[in-house]
Amino acid sequence: MMNLSKSLYTKAIQCPKALWLKKYKKEVLTSPDATALARFETGNVVGDLACGIFPNGKEVIYNPDDFNSMLETTKERMDEGLEYIYEATFLYDGILVLVDVLKITPDGLEIYEVKSSSSVKDIYLHDVSIQLYVLKQLGYSVISSNIVHIDNSYVRGDELDLDELFKIVDVGDEVNALQADIPNRLKEFEVYLADRDNEPNIEIGSHCNNPYECDAKEYCWKIQREIPDYSMFNIFNLGSKKQIELYAQGIVKIEDIPSTYAMTAIQKQKVQNWKDQATFIDEEHIKDFLDTLSYPIYHLDFETFQQAIPEWKGISPYQQ
């Protein structure tokens, strides 16, 4: 058995090599930084809050050391006749899934996957699709698959209105369409994982940053391919298509970019500055700007932040 969780499944969707490294060579992976940890914490807060729109349910307490107890608790919760179970846990053929909110109806089960983003992303569909796959393989009838996400058009009043804060999107058609591909994907991942000694030879590309920056990126880029800290990948607004195009030609260093290569004027200036190892200062335009100023000049410095859950009246989710 592969022993996959839904998070490992979606990691493999992004890059099978990332899955292999997570399984067999995790010491090369980069630990989450403060931004990532804050995002994880936001996800936890949003997930807990979303349970409020599915009231009177019971949670299956997460225990990474004893998934069997989580499976047993889920069965007990279902036998109790509850309408909602949070973190309902199911296992099929080595694939473990935790359903954020499981609704039990006389007609079948409903899946609700909670996300802290303000829209439905493609990777979320794969997340829900593997949950649906496991439940169907276990013989359950799933009548609805949904993603619950933040509605950033919501404006908080005196109190937080959870029904207005969250938007429920039925993604049944999308995740059902993905079902046919899952067995082939699982076989592909199984082939990669069957070879414990040789990591997959997968080239770098746009998938290293999409939908998330991979925690193996530093290993694949800097250690294995010796891509310098400052390279053509750092050129301002040079899209991933052009980056891949240059990389396919064996061009990584900025000094190796041909002068005839199509770029914007700013990009060409940046490349030329690097080749000349010279700092470019557009003194004429700076002077023209300074001449427009009237003295005395006052400066106001301010900082901003965003909140997934608005704390104050009149504020929207993720408002700057």
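## Structural report on the predicted chain

Of the chain's 320 residues, 40% count as buried, where buried means under 20% relative accessible area, exposed over 50% and partly exposed in between (1.4 Å probe, protein chains only). The model is predicted, so local features need pLDDT of at least 70 and side-chain atom pairs count only at pLDDT 80 or more, while totals for chains, interfaces and linings use all residues. Residues are numbered from 1 along each chain as its sequence is written, and side-chain values use heavy atoms, with hydrogens and water left out.

**Overall form**

The chain has 12 helices and 7 strands; helices (H or I, at least four residues) and strands (E, at least two) are DSSP runs, numbered from the N terminus. Its radius of gyration is 25 Å, whereas a compact globule of 320 residues would have a value near 20 Å. That radius is taken over C-alpha atoms, and the globule rule is 2.2 Å times the number of residues to the power 0.38. Along the principal axes, the C-alpha atoms of the chain fill a box of roughly 75 × 60 × 35 Å. Among contacts in the chain with a separation of 6 or more, 61% join residues 24 or more positions apart; contact means heavy atoms within 4.5 Å.

**Nonpolar cores**

A nonpolar core is a set of buried Ala, Val, Leu, Ile, Met, Phe, Trp, Tyr and Cys residues joined through side-chain atoms within 4.5 Å. The largest such core has 66 residues, of which Phe90, Leu102, Ile204, Met232 and Ile257 touch the most other members. Helix α5 (residues 122–137) supplies the largest share of this core, 9 residues. Another core, of 18 residues, lies apart from it and includes Cys51, Tyr86, Tyr154 and Ala308. Within the largest core, Ile257 is one of the residues that touch the most other members. Neighbours within four places in sequence aside, Ile257 is in contact with Met232, Ile235, Leu246, Ile251, Met263, Val271 and Lys275.

Helix α8 (182–194) takes part in two helix pairs described here. Axes are lines fitted to C-alpha atoms, for helices over the stretch in contact, and angles run from 0 to 180 degrees between N-to-C directions.

| Helix pair | Axes come within | Crossing angle |
|---|---|---|
| α1 and α8 | 11 Å | roughly 85 degrees |
| α5 and α8 | 11 Å | roughly 100 degrees |

The axes of α1 (residues 6–14) and α8 cross at roughly 85 degrees, which makes α1 roughly perpendicular to α8. Angles under 35 degrees count as roughly parallel, over 145 as roughly antiparallel, 65 to 115 as roughly perpendicular and the rest as oblique. On the α1 side the contact is made by Tyr9, Ala12 and Ile13, and on the α8 side by Ile182, Arg185, Leu186 and Phe189. These residues divide into 6 nonpolar, no polar and 1 charged. In this classification Ala, Val, Leu, Ile, Met, Phe, Trp, Tyr, Cys and Pro count as nonpolar, Asp, Glu, Lys and Arg as charged, and the others, Gly among them, as polar.

The axes of α5 and α8 cross at roughly 100 degrees, and α5 is therefore roughly perpendicular to α8. Here His126, Ser129, Ile130 and Tyr133 in α5 meet Ile182, Pro183, Arg185 and Leu186 in α8. The residues of this contact divide into 5 nonpolar, 2 polar and 1 charged.

Gln179 lies in the loop between α7 (172–178) and α8 and is buried, at 11% relative accessibility. Leaving out residues up to four places away in sequence, Gln179 touches Ser129, Leu132, Tyr133 and Lys136. Gln179 and Ile130 are 49 residues apart in sequence, and their C-alpha atoms are 8.0 Å apart in space.

**Backbone features**

Most residues other than glycine have a negative phi, and most peptide bonds are trans. The peptide bond from Asn210 to Pro211 is cis, with omega near 10 degrees; Pro211 is placed in the loop between α8 and α9 (217–223). A cis peptide bond also joins Tyr295 and Pro296, with omega about 0 degrees, and Pro296 lies in the segment after α12 (283–290).

Glu226 has a positive phi, near 55 degrees. Glu226 sits in the loop between α9 and α10 (240–248) and is exposed, with a relative accessible area of 64%. The phi of Gln277 is likewise positive, near 50 degrees. Gln277 belongs to the loop between α11 (265–276) and α12 and counts as exposed, at 61% relative accessibility.
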